[in-house]
Amino acid sequence: MKRIYMDHSATTPLDPQVLQAMLPFFSEKFGNASSLHSFGLEAKEALEDSRERVAKLLGADPEEIVFTSGGTESDNLALKGIARRNRGLGRHIITTQMEHPAILETCRKLGKEGFEVTYLPVTSQGLVEPAALEAAIRPDTILISVMHANNEVGTIQPIEEIGRIAAERDIYLHSDAVQSVGKIATDVNALGVDLLSLSAHKLYGPKGVGALYIRRGTKIESIVQGGGHERGLRSGTENIPGIVGLGRAAELCRERMNADGQKLTELSARLAGEVLEKIKDAWVNGSMKRRLPGSFNFGFKYVEGESLLLFLDSKGIAVSTGSACSSHKLEPSHVLLSLGLKPEECHGSLRITMGRSNTEEEVDYVASCIVEAVDRFRGISALGRD
């Protein structure tokens, strides 16, 4: 049975070219980048070359890139580092109700340290209203954190407008861009962000490595103490193979972004057309216009999303019902609840996120299987019968 992967928001397959770039650094090029001999200098050169490649993808300067273990650590460093370093200026933070747990849990932790957090609601389309954000700003607001694109519904937030508001008020702006980097343009200057998080395994790179962009002049402190690596902001021997993989993945994204985006947009239209045309009481969660290419979160009445997922898996299709980070939880998705959906509507969701290798034939097969699954499960449900 052919296997079809359509869960790219959870993780992406490692690009073969990325693997080839990494392999030497697991074997003959094994040096510590802090060592002064030739082995160390070789590793240091690879480290800085990768830093430059990531910076180019973001329109940043290389010295503004700090390597981390992934998106979660980057988010923690951004929020905790800014809050603790600037607590003398204020203790108010603004974020949204639909952020990733890496943001929400970090904000809860900061709340226990004496910071106050405002959790902005979003519209039924999953979008932050800039006017509402501006109204929430207080004299003691020191940080705003709004994700660039949502991991469950794929909606893209108006970060540029939020960036202008933050700049006018001299407030730091962080964006969790783990889902958007490599898929759409994420130029840090165009977005107006001071900090931006990314993760390699979301853009065809390896797991266990990420980065945080920190604009020059940003006052931030480390949350990990040690030997002073990464300009003292992230101590610990650098994961050179992973960082090399991230650098090569970033380079490939720069080369392929436009072509990949166009292809995924076309596949998305094909999939949505098939599903929405052939299934009654079905809809797309989040904005149809402001969304990542290839990303859909469908809602179906009278059907459990978990049942759909298991049926599709039996057909060789990998999708999800929400965020991979909370896939074992029984509670309704906090993201879908923030859109105003009822709990039973949240449980009828199915997240499909396509990638570079997906084809029209796969989209047609997946759509037909979804139609078959919904018809089958509605047929045995009293609620789904006419």
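This is a predicted model: local features need pLDDT of at least 70, side-chain atom pairs count only at pLDDT 80 or more; totals for chains, interfaces and linings use all residues.
The axes of H8 and H12 lie 9 Å apart, and the two helices pack at an angle of about 20°. Angles under 35 degrees count as roughly parallel, and H8 and H12 are therefore described as roughly parallel to each other. Their crossing is right-handed. On the H8 side the contact is made by Leu267, Arg270, Leu271, Glu274, Val275 and Lys278, which meet Glu360, Val363, Asp364, Ala367, Ile370 and Val371 in H12. Sorted by class, this contact of H8 with H12 holds seven nonpolar and five charged residues, with no polar ones.

The crossing of H9 and H12 is right-handed. From H9, the residues Ser307, Leu308, Phe311 and Leu312 meet Cys369, Ile370, Glu372, Ala373, Val374, Arg376 and Phe377 in H12. The contact of H9 with H12 is made up of eight nonpolar residues, one polar residue and two charged residues. Ile370 of H12 can be found in the contact with H8 and in the contact with H9.

From packing we can turn to empty space. Rolling a probe the size of a water molecule over the atoms shows where such space is left. For cavities of 30 Å³ or more, the count in this model comes to one. This largest cavity holds about 220 Å³ of space, and of the 23 residues that line it, Gly182, Lys183, Tyr204, Leu264 and Met354 are the closest to its centre. The lining of the largest cavity divides into nine nonpolar, nine polar and five charged residues.

Another space to look for is the second largest pocket, which contains about 320 Å³ of space. Its lining consists of 17 residues, and those nearest the centre of the pocket are Ile142, Arg169, Asp170, Ile171 and Tyr172. Two elements, strand E5 (141-145) and helix H6 (159-168), each give two or more residues to this lining, and the largest share, three residues, comes from H6. By class, the lining of the second largest pocket has eight nonpolar, four polar and five charged residues.

Notes
Residues are numbered from 1 along each chain as its sequence is written. Side-chain values use heavy atoms; hydrogens and water are left out. On a 1 Å grid over the protein atoms alone, a cavity is a set of points where a 1.4 Å probe fits but cannot get out, and a pocket is an open set with protein on both sides within 12 Å along at least five of seven lines; lining residues have an atom within 4 Å of a point. Grid points are joined across faces, edges and corners, and a volume is the space filled by probe spheres set on the points. Helices (H or I, at least four residues) and strands (E, at least two) are DSSP runs, numbered from the N terminus. Ala, Val, Leu, Ile, Met, Phe, Trp, Tyr, Cys and Pro count as nonpolar, Asp, Glu, Lys and Arg as charged, and the others, Gly among them, as polar. A crossing is left-handed if the near helix is turned anticlockwise from the far one by less than a right angle, and right-handed if clockwise. Contact means heavy atoms within 4.5 Å. Axes are lines fitted to C-alpha atoms, for helices over the stretch in contact, and angles run from 0 to 180 degrees between N-to-C directions. Angles under 35 degrees count as roughly parallel, over 145 as roughly antiparallel, 65 to 115 as roughly perpendicular and the rest as oblique.
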